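Open the model in your viewer and get ready to select residues. We will visit a cavity first, then some salt bridges.

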Amino acid sequence: MSQISLVEKLQHVTCLVKTDIGSGTGFIYNISAHGSHTLPMLVTNRHVIDGSTETSFRMTTCNADGTPNFGKHIDFKIPTTAWKTHPKTDIDLAMVPIADQLNQAVVRDLKPFFMPLSADLIADDGYLKNMDAIENIIMIGYPTGIFDEVNNLPVIRRGITASRIGLRYNERPEFLIDCACFPGSSGSPVFQYDTGPELTRDGSMKMGGVRFKFLGILWGGPVHNVDGEIVAKPIETAVKPASVTPVMMNLGFCIRASELAGFEAVFQSEIDVLKTG
């Protein structure tokens, strides 16, 4: 496969997740099972799929040389009952295995092109504590369902951290970002992505390099309701009808990516099959 940049790879991390009641953002995440064995999963927010009966997602296919075949894609459908939610009920995440769908596509000579995230890319607590009070971030997803439909590419947005990321925001495993967050952005992965000189916390300067880590997943944000009160609210699905549209503040609540580790217990039986297989 020809060389592609890091940001180009990140464009193939996400999938537009559609349900019979709206749409949101999903991303591919590999759970490590044993050695080189992994379980490919699709991840989104629980509230994106709540109340639906079926979910679908789209992936770009591969050329013969392993490069993405822009303009050609494959759609997959999954019953909503196949999704499993995070074991902590206050963590707005859901995950579903997609190995069967990927294998069926390969049999049909429609091998999907994607770049999965994995645990080794996640910023752990030690890394987060060493990050400064303001850091550059990018968020990838499908705000209001917008994307490059011909080439099946998501929208990349840039912002900054809006809370001290090394601390738990309001005692939750979350942080706040200053970035344009719209219906359909729910489930978007958020990354530290910075290039060029780095001004460290002690005031010294480091030259060059790319600083990249998987930081978290957008789930909601503060909005003004009709009474002018500011409330925390999940980001709506892209086409969910509403009689009153709250005023969004371009701030987003993000679940720490390290919370994905909680799904290992949920899918322990699937992991055990690969370990013994």
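Ala, Val, Leu, Ile, Met, Phe, Trp, Tyr, Cys and Pro count as nonpolar; Asp, Glu, Lys and Arg count as charged; the others, Gly among them, count as polar. Keep in mind that this is a predicted model.

**Stop one: the cavity.** The count comes to 1 cavity of 30 Å³ or more. The largest cavity has a volume of about 60 Å³. Select some of its lining, including Gln 11, Val 13, Ile 28, Arg 58, Phe 113 and Asn 152. By class, the lining has 6 nonpolar, 5 polar and 1 charged residues. Now colour strand E1 (14-19) and strand E4 (54-62): each supplies at least two lining residues. Which strand gives the most to the lining? E4 does, with 3 residues.

**Stop two: a link across the chain.** The model has 7 salt bridges. Select Glu 270 and Lys 84, whose side chains meet in one of them (3.7 Å, N to O). Glu 270 sits in helix H6 and Lys 84 in strand E6, 186 residues apart. Glu 270 is partly exposed, at 25% relative accessible area. Lys 84 is partly exposed too, at 31%.

**Stop three: a network.** Select Asp 90, Arg 172 and Glu 174, which are linked in a network of salt bridges. Arg 172 meets Asp 90 at 3.4 Å, N to O. Both lie in loops, so the pair ties together parts 82 residues apart in sequence. Arg 172 also meets Glu 174, at 2.8 Å, N to O. Is Glu 174 buried or exposed? Glu 174 is buried, with a relative accessible area of 4%. Asp 90 is partly exposed, at 43%.

Technical notes. Residues numbered from 1 in each chain as written. Predicted model: local features only at pLDDT ≥ 70, side-chain atom pairs only at ≥ 80, totals over all residues. Heavy atoms only, no water. 1 Å grid on protein atoms, 1.4 Å probe; cavity = no way out; pocket = protein on both sides within 12 Å on 5 of 7 lines; lining within 4 Å. Points joined across faces, edges and corners; volume = space filled by probe spheres on them. Helix = DSSP H or I, 4+ residues; strand = E, 2+ residues; numbered from the N terminus. Salt bridge = Lys/Arg side-chain N within 4 Å of Asp/Glu carboxyl O. Buried < 20%, exposed > 50% of the residue type's maximum accessible area, 1.4 Å probe, protein only.
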